[in-house]
Structures are given as structure tokens and as C-alpha cells.
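Subject: Structure for you to look at

Hello,

Here is the structure I said I would pass on. Please look through it, then read the notes below.

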Amino acid sequence: MESPIGRLWVSVSPRGLVAISRGEAPDADLPGPAASDPVAAGSAMAELAAYFAGQLRTFSLALDLEGVGRFDAAVWDAARGIPFGATASYGELAAMAGYPRAGRAAGGSMSRCRVSPVVPCHRVIHADGSIDGWGADTWVKRWLLDHERASSASSMP
């Protein structure tokens, strides 16, 4: 699907969302777009489209975390608890996940997250308020944060 942050490739399984890849072609390191469950893929794309249109604050999509370690799963789950339009530091995220001394490891977990923006990695920033760490794609993180702040200012339910 096309989005304001580029072309997105959605991969689903019968258990839920597996991956979202951004680019002209799916990321070779991620599972490819699922052809076996077009209804689930359609639901995922519909929620993403509503999010980008400013009509959705919370994703209801189930995640297929097969192969994801316990720490990453806990951190990704905690990140889903960061309110729409808000941010948390990596240290705060680690504490939310039950690992209060693992801020750096939480940053590593966010870098491995394959289902952003459903898991809102973009809402996790450095303690000093900076948002670097996304390599050449820092603009995507900034766009998502600005989008949510603008949507929060509107009267969206």
C-alpha cells in the first residue's frame, strides 16, 4: 500500500501481523507479503490507512510474534502502551516492560521491531528529547510524531 512514509508491504499469518516493510520492494530479511490470508492483510492495510488519515489512534491488530524473544515481546507490548501523540524515553520504556535498568537494550529491541507503526517505535526517544537513531529514516520518525501531534490536536474520537 502507498502511505505518506512510502510504500508499505504488509505480511500476515493466521495468528496476526508478522511484518511491515517500507520501500519499493519488500525487505528481503522480513517475511514476504502473505497471499494466504487476504482478509487479514486487508484488515491490516485498512487500519494503517485509517491511521495515516488521522482517523485511528490505537491499532487493534493482533501480532504474530513467532521467533521474537521474550524481552523484545515485552518491550514491544510496553511500547503499545505509550499514548497516541506522546513519547517515552528508552529508559522509561524499559521500566514499563519490567526491565528498569535496560534502556540501551530497549533501544536495541526497538531497532529490531518489524511492525512499526503498529508497535509505535517512533514514540520512543532519547532522554534528552532527541529523536535520532533511525539512520537515514529519521524523517519517518519525525513525520509520525508530527502526524500524531497534529491528529491529537484535532477532535478525533
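What share of the residues of the chain count as buried? Of its 157 residues, 44% do, where buried means under 20% relative accessible area, exposed over 50%, and partly exposed in between (1.4 Å probe, protein chains only).

Some notes on the source. This is a predicted model, in which local features need pLDDT of at least 70 and side-chain atom pairs count only at pLDDT 80 or more, while totals for chains, interfaces and linings use all residues. Residues are numbered from 1 along each chain as its sequence is written, and side-chain values use heavy atoms, with hydrogens and water left out.

The chain holds 5 helices and 4 strands; these are DSSP runs, numbered from the N terminus, with helices being H or I of at least four residues and strands being E of at least two. Their order from the N terminus is β-β-α-α-β-α-α-β-α.

Among contacts (heavy atoms within 4.5 Å) with a separation of 6 or more, 58% join residues 24 or more positions apart. The accessible surface of the chain is about 7,900 Å², and 54% of that belongs to carbon and sulfur atoms. The areas come from the Shrake-Rupley method with a 1.4 Å probe; for residues, only the protein chains shown count as cover.

On the cysteines: a disulfide is a pair of cysteine sulfur atoms within 2.5 Å, and the count is 0. Cys113 is in no disulfide, and its nearest cysteine sulfur, that of Cys121, is 3.3 Å away. That is too far for a bond. Cys113 is buried at 14% relative accessible area, and Cys121 is also buried, at 3%.

Regards
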